[in-house]
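Thanks for coming, everyone. Please have a look at the model on the screen, and I'll walk you through it.

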Amino acid sequence: MTVDLMQNTLDLMILKALSWDAMHGYGVARWIERTTREAMRIEEGSLYPALHRLERRGLVDSSWGVSENNRRAKYYTLTTRGRDQLHQEVRRWEDLVTAVGRVLSGAPA
């Protein structure tokens with residue numbers, strides 16, 4: 001996979017996680033791990049730069065709160081722009097999956 005594809009995939013998964021509710025970084029990582037049945041593990045070194053990148057792009061907002069462990073944590077929420085981006089990216093991803101499926105099945109055009 002190219003770096004862009006991996007980065008875009010991580011961004012898409014983060015946006016999807018935040019579409020359910022506000023979460024702190026650890027919560028986003030755990031949501032992705034649980035949802036993928038542990039097939040994907042998101043390391044802090046990838047997660048937090050992605051969250052900051054999404055915030056700079058205006059796709060997520062953040063605010064400080066208290067976690068379930070009674071610790072100070074930064075919570076991320078999806079913006080309206082982020083929700084629109086999520087819908088666009090899901091459509092692109094579905095098109096890509098369809099195209100790869102055609103290649104793998106060997107079906108002629």
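Some ground rules. This is a predicted model, where local features need pLDDT of at least 70, side-chain atom pairs count only at pLDDT 80 or more, and totals for chains, interfaces and linings use all residues. Residues are numbered from 1 along each chain as its sequence is written, and side-chain values use heavy atoms, with hydrogens and water left out.

The sheet. It is open, with 3 strands in the order S1-S3-S2, paired antiparallel. Strands are DSSP runs of E, at least two residues; helices are runs of H or I, at least four; both are numbered from the N terminus. Pairing takes at least two DSSP bridges between two strands. S1 and S3 have 2 bridges. His-24 sits opposite Tyr-75 in S3. Strand S1 (23–24) and strand S2 (60–66) are the edges: each has a single partner strand, so one side of each lacks a neighbour in the sheet.

Now the core. A nonpolar core joins buried Ala, Val, Leu, Ile, Met, Phe, Trp, Tyr and Cys residues through side-chain atoms within 4.5 Å. Buried means under 20% relative accessible area, exposed over 50%, partly exposed in between, with a 1.4 Å probe and protein chains only. The largest core has 22 residues, and Ile-14, Leu-18 and Val-28 touch the most other members. H1 gives the largest share, 7 residues.

Last, the loop. Glu-43 lies between helix H2 (25–35) and helix H3 (44–56). Why does Glu-43 count as exposed? Because its relative accessibility is 55%.
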